Amino acid sequence: MNSVFIATSLDGYIADRNGGLEWLDKIPDPGESDMGYGAFMSRIDALVMGRTTFETVCGFDIEWPFKKPVYVLSTTLTEIPEKFKDKAVLVKGSLTEVLEQIHANGHYRLYIDGGKTVQSFLKEDLIDDMVITMIPALLGGGYPLFGELRDEMWFECVKTETFPNNIAQHHYVRKRD
């Protein structure tokens, strides 16, 4: 099962024009809710993220935030930086080949993270469900969550939840014929 857990602006952007995420911090969260992230992560075996997302996480001034294995998809990285070699594994190849490598390690329930990575998985119809948290802001441009697809894809909204400050979260499951 390949799952997405991500926040977007109302106009569908996951990062601003400069690739920044600071806009996500502009809405206070007095209850400090994780908005279901902990429960989501408890169902996940490993994370699959693209190079840009990996480099963004590496640039945060915090401890490594993941306790699960992390696989980094990249066509340009030749190796994981020394500081993070015990934190992530570089994987290459087609998505089918990458999934075979990851599944061979016993990881079947995957968190797919990063705009281009999510788009790549969607193009191959490899996303089973998505939890999308809508932040009530219009960025007017930036890095979109969704890109072009070969065919239409239909999802069923199985849950909607509202959090403080008008944040809405929708859980979609892929409808397959």
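Predicted model: local features only at pLDDT ≥ 70, side-chain atom pairs only at ≥ 80, totals over all residues.
Residue numbers start from 1 along each chain as its sequence is written. Local features need pLDDT of at least 70, side-chain atom pairs count only at pLDDT 80 or more, totals for chains, interfaces and linings use all residues, and side-chain values use heavy atoms, with hydrogens and water left out.

**View 1. Histidine 171 in strand β10.** This histidine sits in β10, residues 167-174 (strands are DSSP E runs of at least two residues, helices H or I runs of at least four, numbered from the N terminus). Histidine 171 counts as buried because its relative accessibility is 19% (buried is under 20% relative accessible area with a 1.4 Å probe, protein chains only). Its side chain makes a 2.9 Å polar contact with that of aspartate 129 (N or O atoms within 3.5 Å, one able to donate a hydrogen and the other to accept it). Leaving out residues up to four places away in sequence, histidine 171 also touches Met130 and Glu156, among others (heavy atoms within 4.5 Å).

**View 2. Threonine 117 in helix α4.** Here we're in α4, residues 115-123. Threonine 117 has 6% relative accessibility, so it counts as buried. Beyond four places in sequence, threonine 117 touches Val48, Met49, Gly50, Leu73 and Ile112.

**View 3. Lining of the second largest pocket.** Of the 13 lining residues, Gly36, Val131, Lys159, Gln169 and His171 are the closest to the pocket's centre. At least two lining residues each come from α1 (37-42), β9 (155-163) and β10.

Definitions and conventions: Buried < 20%, exposed > 50% of the residue type's maximum accessible area, 1.4 Å probe, protein only. 1 Å grid on protein atoms, 1.4 Å probe; cavity = no way out; pocket = protein on both sides within 12 Å on 5 of 7 lines; lining within 4 Å.
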